[in-house]
Amino acid sequence: MAKSLLSATKEDAITDATTAVVALLPDAEPLLDQVRAIAPELVRPLPAHVSLLYPGPEFTTEVVADLRAVAAELPQEVELRELMLGEEGFLGIAVPELDTPIRQLRRRYPHLVPYDGRFGADPPAHLTLALGADEAQLTQVHQFITRELPRRSRLAGPHLLRRTEQGWQPFTAH
């Protein structure tokens, strides 16, 4: 992992969820480093990742087995190509290779609504680059990132994380 998963705090969460399932994108970390150089407050204090299920399930042996099955379906690499703009100063990169595995995982846990429904019932897989950016910051980040794409990244995961008083802590999912 390029950055510690332990640095995220409760204030960084969209929901009060205590767990999340993520896949890390270690080769995308330089993109987040560049966004941090522009405006560090735009980047969550987590390594480059795609949230596969947030909020996530409680930690059980069955969940670990489910995540092993998901891991077998995940590609070893993904291509980061298409930027996504959204509300509230959001800029991300679509990761369509993970849309199908994410939908399969969501079907296993239908009671867990992604992001508590904030982005619809079926938000696409993505790497979040910036949240809360103003127009000038979005323009600056967009210009930089556009020059860096397309980019391939290895995929590491899935990882089941739990929120503690010290921040997000990983469970070993495989």
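Where is the place of proline 150? Proline 150 sits in the loop between α4 (135-148) and β7 (151-154), where helices (H or I, at least four residues) and strands (E, at least two) are DSSP runs, numbered from the N terminus. This is a predicted model: local features need pLDDT of at least 70, side-chain atom pairs count only at pLDDT 80 or more, and totals for chains, interfaces and linings use all residues. Residues are numbered from 1 along each chain as its sequence is written, and side-chain values use heavy atoms, with hydrogens and water left out.

**Confidence**

- The chain has a mean pLDDT of 87, and 89% of its residues reach 70 or more; pLDDT is the predictor's confidence in each residue, from 0 to 100.
- Over residues 1-15, pLDDT stays under 50. For this stretch the model has 40 contacts beyond four places in sequence, a contact being heavy atoms within 4.5 Å.
- Where pLDDT is low, the predicted coordinates should not be read in detail.

**Overall make-up**

- Four helices and nine strands make up the secondary structure of the chain.
- The order of elements from the N terminus is β-α-β-α-β-β-β-α-β-α-β-β-β.
- The chain has 174 residues, of which 49% count as buried. Buried means under 20% relative accessible area, exposed over 50%, and partly exposed in between (1.4 Å probe, protein chains only).
- Taking contacts between residues at least 6 apart in sequence, 79% join residues at least 24 apart.

**Helix α4**

- The 14 residues of α4 should span 20 Å at 1.5 Å a residue, and this agrees with its end C-alpha atoms, which are 20 Å apart. The expected span is 1.5 Å times one less than the number of residues in the helix.
- Gln137, Leu138, Val141, Phe144 and Ile145 are the buried residues of α4. They lie on the same side of α4, because they cover an arc of only 140° around the axis; the arc is that of the directions from the helix axis to the C-beta atoms.
- On the other side of α4, the residues Glu135, Ala136 and Arg147 are exposed.
- The cover over the buried residues of α4 includes α1 (29-38), β4, β5 and β6.
- The N-terminal end of α4 is capped by aspartate 134, with a side-chain oxygen 3.1 Å from the backbone nitrogen of alanine 136.

**Helix α1**

- In α1, the buried residues are Glu29, Leu31, Leu32, Val35 and Arg36. Their arc around the axis is only 155°, so they are on the same side of α1.
- These buried residues of α1 pack against β3 (77-80), β5, β6, α4 and β7.

**Nonpolar cores**

- A nonpolar core is a set of buried Ala, Val, Leu, Ile, Met, Phe, Trp, Tyr and Cys residues joined through side-chain atoms within 4.5 Å.
- The largest nonpolar core has 41 residues, and those with the most contacts inside it are Leu25, Leu31, Leu52, Leu80, Leu98, Leu129 and Ile145. With four residues, α4 gives the most to this core.
- Isoleucine 145 is in contact with Leu31, Val35, Leu83, Ile93 and Leu129, leaving aside its neighbours within four places in sequence.
- A second, separate core has eight residues, including Leu24, Tyr54, Tyr115 and Leu161.

**Serine 51**

- Serine 51 belongs to strand β2 (residues 49-53). Its relative accessibility is 12%, so serine 51 counts as buried.
- Not counting residues up to four places away in sequence, serine 51 touches Val21, Val22, Ile102, Tyr115 and His126.

**Backbone exceptions**

- Most residues other than glycine have a negative phi, and most peptide bonds are trans.
- Leucine 149 and proline 150 are joined by a cis peptide bond, with omega about 0°.
- Another cis peptide bond joins glycine 157 and proline 158, with omega about 10°. Proline 158 is in strand β8 (residues 156-164).
- Glutamate 88 has a positive phi, near 60°, and is found in the loop between β4 (83-86) and β5 (90-94). With a relative accessible area of 52%, glutamate 88 is exposed.
- Tyrosine 115 also has a positive phi, near 50°, and lies in the loop between α3 (99-108) and β6 (126-130). At 7% relative accessibility, tyrosine 115 is buried.

Definitions and conventions
A polar contact is a pair of N or O atoms within 3.5 Å; within protein, one must be able to donate a hydrogen and the other to accept it, and residues adjacent in sequence count only if both atoms are side-chain atoms.
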